[in-house]
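Subject: Structure handover, with notes on cavities, pockets and helix packing

Dear colleague,

Please find the structure below, followed by notes on what turned up in it.

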Amino acid sequence: MREVPLVEEYRGGILENVHSGMICGVGEDGQVIYAAGDVEHVALLRSAAKPFQAIPVARQNIAETFGLTSREAALFAASHRGEVYHLEALESILSKTGIREDELLTCPTYPLNEEPKFACLSRGVAKRRLFHNCAGKHLGFLALSKERGFSTDDYYKQEHPAQQEALAAFASLADYPKEKIRLAVDGCGFPVYALPLKHLAVAYMKLACPDLIADQPTREAVQKITGWMTAHPEMIASHRFICTALLTDPNIIAKGGAMGVYGFALKKERISFSLKVLDGSEAVWPLVIAGILEQIAYSNKETIARLHALSPKEIANDNRLIVGEKRPVFVLEKQ
């Protein structure tokens, strides 16, 4: 494993912290064209896999069958943050599909965002399975299982046919043998995939450029999923969160996962990137991705500005005084 420093943090001119990791960029032929660190590093995708896990749901036309809006369907690929508009869409999916909330494996919790979480606590609202950030993904698999006649009490298990279909679809897009993808268990109970960063970038390339997908039903499913994501970026995460900030740019398909893994691709440029921050930090994602876009001379400066607004280079203390800075320090090496 070869990592490189990605971001350094200074306080009073003194180096206080270093976030190290790896970055891989590939072209439309799947070959590595940019690298920082080991592009063969095996990373757990966590929620960066959600757009791919939604493929069998989209292939089965679940949104059309149950009359879901594209805004609701976007939650199948989302890590929602528990805002009111997320909950309204999730409850609508329950109503339209006939799924009961207690059928979800997701652990009852409070919303991830502070404002809706505080609202729940101040009003005495109990924890709910729908508040879990993976609830949309689970609803998709439950609806798919009901429609296909699969069992629903074990829909989250690795051997379940819906899970096997999702794994096969992802392996195909990643150009990586299904049997070589390593599996663990995610926070929400779903199987979580692990494979080299290079192949995660290859898979994201095909999300952004579905013309590279040979299988027509899969290609059409990907076009649906990315259409939902692009049309409703606020559903994939929420305001002031990087996935939404990137998806606001119609040229970008992006999704992050826990513990510092991220994938994104540029449609017009036909370039895709994957990255892993080894200490698991998500706070430095905006700085790293802005740095990548700056180094490749990405033309949409508004997108880069949105990223810098999410994670300013200045470090402020509790009194809002500037006391330090964060510096992206990696250099993408052209391959």
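The largest cavity is lined by Q158, Q163, Q164, L167, L183, P191 and Y193, where a cavity is, on a 1 Å grid over the protein atoms alone, a set of points at which a 1.4 Å probe fits but cannot get out, and lining residues have an atom within 4 Å of a point. Two or more residues of that lining come from each of α8 and β6 (191–196), and α8 gives the most, with three residues; helices here are DSSP runs of H or I with at least four residues, strands are runs of E with at least two, and both are numbered from the N terminus. The space in this largest cavity is about 30 Å³, a volume being the space filled by probe spheres set on the points, with grid points joined across faces, edges and corners. A search of the whole structure finds one cavity of 30 Å³ or more. Sorted by class, the lining of the largest cavity has four nonpolar, three polar and no charged residues, with Ala, Val, Leu, Ile, Met, Phe, Trp, Tyr, Cys and Pro counted as nonpolar, Asp, Glu, Lys and Arg as charged, and the others, Gly among them, as polar.

Before you use these values, please note that this is a predicted model, in which local features need pLDDT of at least 70 and side-chain atom pairs count only at pLDDT 80 or more, while totals for chains, interfaces and linings use all residues. Residues are numbered from 1 along each chain as its sequence is written, and side-chain values use heavy atoms, with hydrogens and water left out.

Turning to the pockets, a pocket is an open set of points with protein on both sides within 12 Å along at least five of seven lines. The largest pocket holds about 290 Å³ of space and is lined by 19 residues, of which S47, S79, N133, A258 and E282 lie nearest its centre. Strand β7 (residues 252–257) supplies the largest share of that lining, three residues, and the classes in the lining of the largest pocket come to seven nonpolar, seven polar and five charged.

The second largest pocket has a volume of about 220 Å³, and its lining residues include G82, E83, P111, R123 and F131. The elements that give two or more residues to this lining are α5 (84–97) and α6 (114–123), and α6 gives the most, with five residues. The lining of the second largest pocket has eight nonpolar, one polar and three charged residues.

As for helix packing, the axes of helix α8 (residues 161–174) and helix α9 (residues 197–208) come within 7 Å and cross at roughly 95°, the axes being lines fitted to C-alpha atoms over the stretch in contact, and angles running from 0 to 180 degrees between N-to-C directions. That makes α8 roughly perpendicular to α9, since angles of 65 to 115 degrees count as roughly perpendicular, under 35 as roughly parallel, over 145 as roughly antiparallel and the rest as oblique. In this contact (heavy atoms within 4.5 Å), F170, S172, L173 and A174 of α8 meet H199, V202, A203, K206 and L207 of α9.

α5 and helix α7 (residues 135–148) pack at an angle of about 10° with their axes 11 Å apart, and are therefore roughly parallel to each other. L90, I93, L94 and T97 in α5 meet A135, G136, L139 and A143 in α7, a contact with six nonpolar, two polar and no charged residues.

Overall, the protein has 14 helices and 12 strands.

Best regards
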